[in-house]
Amino acid sequence: MRDGYEMVVGLEVHCELATATKLFCGCPNAFGDEPNTNVCPVCLGLPGSLPVLNRRAAELAMRIGLALGCEVRPSVFHRKNYFYPDMPKDYQISQYDAPVNVNGRLELPDGSVVRIERAHMEEDTGKTTHVGGTGRIHGASHSLVDYNRAGVPLVEIVSAPDIGSAEQARAYVTELRGVLVATGASDGRMEEGSLRVDANVSVRPAGSARLGTRCEVKNLNSLRSLVRAIEHEAERQSAILAEGGTVAQQTRHWDEDAGVTHPLRSKEEADDYRYFQEPDLVPLVPDEPLLAAARSGVGLLPADRRRRLAELFGGGAGAVSDQVQTVIELDLDQLVVDAVEAGADARLALARAANEAAARPERARHLDAGSFASLLELESAGTLSATQSKAVLAALLDEGGDPREIARRLGYEALDASELDRLVDEVIEANPAEWGRYLAGDEKVSGFLLGQVMRNSGGRANGKLVAEAFARRRTG
Amino acid sequence: MAELGIDEVRKVARLARLELSAEELADLVGELSALLDHVDAIRQIDLSGVPPTAHALPLVNVLREDVPRSCLDRDEVLAAAPETEEGRFVVPSILGDEP
Amino acid sequence: MSWIERGAAAIAAAVRAGEVTARAVVEESLARIAETEEQLHCFHTTLPDEARRDADAIDEAVRAGREVGSLAGVPVALKDNLCTRGVETTCSSRILEGWKPPYDATVVARLRAAGAVVVGKTNLDEFAMGSSTENSAFGPTRNPWDLDRVPGGSSGGSAAAVAAGIVPLAYGSDTGGSIRQPASFCGVVGLKPTYGLVSRYGLIAFASSLDQIGPFACTVADATLGLEAVAGEDPMDSTSLGGRAPSLRLELGGGVEGLRVGLLGDFVNDVSPSCARAANEAADALARAGAKVDELSIPEARLGLPAYYVIAPAEASSNLARYDGVRYGLRVEGPDVESMNARTRAAGFGKEVRRRIMIGTYALSAGYYDAYYGQAQRVRTLMTRAFEAAYEHFDVLLSPTTPSEAFPIGAKVANPIEMYLSDLCTVSSNLTGHPAVSVPYALGDEGLPVGVQVMAPALHEARMLKVAAALEAAAPAGARAPVAVGGRASPIA
């Protein structure tokens with residue numbers, strides 16, 4: 001982006017709800033079945049058919065609203081009228097000026113807050129594939145339509161234009177996905193299309209309060225595309241402004257291969273959607289049964305998980321925030337919390353989870369927290385060195401079992417105190433000159449003395465304890 | 001007489017996806033204007049403060065359990081279609097983009 | 001007297017008792033179709049084989065001692081905007097010519113379960129838009145009382161089929177008067193229930209917040225039976241009212257002693273002399289029968305027509321968008337999907353339908369929504385409040401059903417506004433959602449039937465039908481069907 005400009009980004013995220021059936025009919029909400037096999041008069045929009053709202057979809061939509069701190073309100077449905085082959089009724093049942101959720105917010109890991117204007121319910125369209133030409137819509141000879149997806153429940157989450165960088169956009173989508181998965185409302189798979197993101201991007205002179213003309217960017221199929229597209233679009237728009245031009249309001253399509261956006265249609269000629277309240281549906285009121293179902297079954301939200309870990313350190317997890325991030329992304333935070341509960345040291349538990357266990361996240365998620373805690377205690381007590389502890393952890397992840405057993409099997413038998421003393425005394429006897437220098441205050445020679453004990457113990461001695469033993473003899 | 005011009009009528013025909021001849025469009029200008037005059041009676045009244053009725057019924061929260069029902073047989077569905085290919089409905093090339 | 005003339009209740013009772021076979025009754029109906037269809041054109045599709053098969057199945061069930069339902073063996077005709085599985089359903093439009101729904105409307109399923117035998121799908125104004133059945137893409141239906149006259153619309157085929165003694169019971173749909181007005185023109189009873197009482201699932205939509213399905217019959221008792229057989233909550237229709245169908249026939253004979261009847265002066269003053277006279281005479285008859293009759297004025301009622309002619313086309317413009325040549329029905333090819341859609345729709349829809357789609361699209365479009373659709377919805381509230389206020393002083397309201405007797409074929413088709421005025425007395429009930437029924441009362445100055453309309457508050461069908469029955473009893477003879485084709489006021493041989 002050109003110097004002197006800043007970008008303003010708002011994101012529209014469409015989330016497919018994880019219900020068993022579609023929004024207005026009992027057809028299965030499934031992915032990947034044979035075309036046009038999950039259809040009925042309602043989702044095909046056959047003459048005479050009528051919609052009936054899915055209770056579970058309403059509950060999940062409200063649940064999403066609560067998780068995003070929204071006000072959950074009485075709402076109604078509207079018809080959005082436009083013609084397109086993937087629209088069986090040539091109108092979409094959506095929500096317009098009375099949506100179910102308004103005025104929420106999402107706090108990102110870095111502490112920034114993005115306001116959520118609304119999160120409303122609507123039905124999905126069918127899928128069109130284009131035949132001939134490039135397989136893209138332009139130049140195709142004809143198109144084929146599959147209505148299996150038509151009528152699948154969606155919640156569209158619209159943010160305020162509070163996002164100021166492509167990275168922040170990525171953090172927003174990541175955090176939002178975490179929330180949606182935690183609520184059980186969605187499986188959050190961007191690549192499979194259950195989470196779709198469109199970006200509204202505009203630029204303005206840095207520090208200006210007025211919003212520039214925005215363009216909507218579509219076809220963002222991954223977080224990487226999201227970042228690249230936003231950066232490209234901001235650059236494109238700022239270049240125009242820098243040269244004294246004006247940005248045309250358009251919808252643009254992100255071309256992943258070419259790394260550019262192409263204009264679709266000018267917003268000036270946008271369809272007039274002629275919204276009016278859906279006469280075939282009645283209003284939706286958040287009554288007690290709906291709200292109770294909305295509130296229940298929500299797992300911990302990402303922010304709660306971060307907070308929970310931070311509390312293990314008395315609220316100050318700042319120094320290890322990278323480890324906190326890693327552990328949450330890999331769903332290992334419960335392991336850490338449980339291990340600390342069982343007596344493990346918090347800092348050590350977090351470090352081992354973020355650095356070592358993270359190498360095998362799938363196994364780590366099934367690691368028994370009690371075993372993990374025992375292992376960490378062995379390390380804290382000095383019975384195992386750091387190196388040994390990591391080796392035992394690897395073995396634990398592989399086969400499970402008891403940490404002490406594994407340590408013994410690996411030959412990491414702990415030296416008991418008397419054996420340790422004997423080894424130390426032997427080294428002192430065998431190296432009187434070095435011992436003399438150590439007693440006189442020479443710190444450098446302690447490394448030699450320590451090394452001797454370690455060698456004689458076959459690596460079984462704990463360096464920390466050996467150093468303590470020497471120190472005690474000097475003072476004592 | 002309500003003034004509804006030919007351009008307006010053409011725009012409405014586009015929104016409604018109706019390909020009308022020049023003659024049909026011209027006729028419609030007169031017909032629609034006459035109709036608008038007729039319904040003008042309701043525009044004259046001050047109804048601010050009267051809420052609109054979207055439904056004759058006081059119903060709310062009519063909901064359906066999230067339980068699958070049997071779907072239509074695909075052959076029956078496709079049999080009604082003007083043109084199909086590989087189990088999908090065929091349409092000629094699409095000019096406009098998905099909104 | 002033929003079984004058809006004896007009526008639906010009598011047929012069902014006799015079939016259940018084994019006094020007559022369903023087959024025998026349906027043969028009467030089929031014979032009557034053969035006699036009259038060329039002149040009347042009531043039907044788009046007749047179902048002789050299916051009807052015989054269904055009738056035989058009823059007879060088999062009766063012989064086996066199984067339950068056969070409240071309409072056992074009754075031949076019925078269904079307006080061709082009711083989906084019938086595997087049977088062509090066209091809405092009298094070229095755009096659905098040949099289309100066979102893969103499902104039954106709820107009403108159709110309930111009729112079958114009640115043992116009714118469907119003999120055919122009747123002609124209508126295309127997509128139920130019209131007041132004469134002249135807008136059918138397949139030719140008009142003629143009024144059995146006078147073949148040069150319209151039967152009314154949009155449910156003209158169903159009304160005529162009952163009037164001509166083809167079936168004792170038929171079903172239509174009413175959005176602005178499309179059951180009641182043809183009932184009045186054809187000398188039969190036509191009933192529009194409270195909005196939500198009868199499921200709309202499978203009724204091909206015209207205006208969703210106004211449409212209701214209802215029965216035609218020669219007597220109030222049969223119309224009541226016909227309503228009971230189909231009314232009641234349907235989980236497939238979010239706008240259907242909860243609870244079981246009301247039991248209505250119990251009070252029919254209760255009389256009108258002490259009931260407060262309000263004669264709507266606004267409508268009486270706006271109609272032809274014979275229609276006004278019929279309404280006045282009906283009011284007098286009720287007074288003689290013990291009712292307290294008074295005249296009242298509801299000035300807001302006059303706003304009904306303009307409000308209706310915004311709301312109905314607006315909703316229709318959206319409901320008819322789905323006819324785009326992609327999934328079913330007519331397709332006219334084009335180089336791209338946009339022109340394919342536009343050519344298909346222009347070719348498939350008739351003039352009146354195109355007109356209403358255009359006005360409806362306009363009324364909803366940006367910049368005009370508030371002035372038209374928004375305003376019309378407020379008028380709706382105003383009217384509903386006004387009628388509900390009236391019902392604090394009256395139990396039922398009375399008015400003419402139509403502004404005139406059946407007009408000649410071709411008389412109004414060139415002038416849409418003229419045609420729209422036919423709905424003057426009927427649209428209020430669609431806008432408020434209240435029930436209304438037309439009862440044949442008199443013959444007019446031209447020797448044609450004139451009906452009188454009884455209206456009641458929401459869900460007060462029982463009270464409304466009680467008054468209707470009283471009117472029926474008081475009406476002069478010869479004013480109602482069934483009638484021989486072309487024979488004004490002559491009974492069937």
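How many residues of strand β4 (residues 169–174) of chain C are buried, and what does that say about how the strand is placed in the rest of the structure?

Reply: This is a predicted model, in which local features need pLDDT of at least 70 and side-chain atom pairs count only at pLDDT 80 or more, while totals for chains, interfaces and linings use all residues. Residues are numbered from 1 along each chain as its sequence is written, and chains are lettered from A and ligands numbered from 1 in the order in which they are written.

Six of the six residues of β4(C) are buried, so the strand is largely enclosed by the rest of the structure. A residue is buried if 20 or more other C-beta atoms lie within 10 Å of its own, exposed if 12 or fewer and partly exposed in between, with C-beta atoms placed from the backbone. Helices (H or I, at least four residues) and strands (E, at least two) are DSSP runs, numbered from the N terminus.

In a regular strand the side chains alternate between the two faces of the sheet. For β4(C), one side carries C:Leu169, C:Tyr171 and C:Ser173, the other carries C:Ala170, C:Gly172 and C:Asp174, and both faces are covered.

The partners of β4(C) come next; two strands pair if DSSP finds at least two bridges between them. β4(C) pairs in the parallel sense with β2(C) (residues 75–79) over three bridges, and there C:Leu78 stands opposite C:Tyr171. With β6(C) (residues 212–217), β4(C) runs antiparallel and is joined by six bridges; C:Gly172 has C:Gly214 as its bridge partner.

β6(C) leads on to β5(C) (residues 189–192). These two strands pair in the antiparallel sense over two bridges, with C:Val189 opposite C:Ala217. Both faces of β5(C) are covered as well: C:Val189 and C:Leu191 are buried on one side, and C:Gly190 and C:Lys192 on the other. β5(C) also pairs with β10(C) (residues 436–443), in the antiparallel sense and over three bridges; here C:Gly190 has C:Ser438 as its bridge partner.

These strands belong to an open sheet of eleven strands in chain C, in the order β1-β3-β2-β4-β6-β5-β10-β11-β9-β7-β8, with mixed pairing. Its edge strands are β1 (43–46) and β8 (292–296), each of which pairs on one side only. Neighbouring strands of the sheet are turned by 25° against each other on average, direction ignored. Helix α10(C) (residues 273–288) lies across β7 (260–264), β8, β9 (396–400), β10 and β11 (449–455) of chain C, running at about 150° to β9(C). Axes are lines fitted to C-alpha atoms, for helices over the stretch in contact, and angles run from 0 to 180 degrees between N-to-C directions.

Chain B in turn meets chain A, where 43 residues of chain A are in contact with 35 residues of chain B. β9(A) gives the largest share of the chain A side, five residues, and that side divides into 24 nonpolar, eleven polar and eight charged residues. Four bridges join β9(A) to β3(B) (residues 88–92), and the two run antiparallel; A:Leu144 stands opposite B:Val90, and A:Val145 has B:Phe89 as its bridge partner. Both strands lie in an open sheet of four strands with antiparallel pairing, in the order β8(A)-β9(A)-β3(B)-β2(B). β8(A) (127–131) and β2(B) (84–85) stand at its edges, each with a single partner strand, so one side of each is left without a neighbour in the sheet.

Technical notes
Contact = placed C-beta atoms within 7 Å. Nonpolar A, V, L, I, M, F, W, Y, C, P; charged D, E, K, R; others polar.
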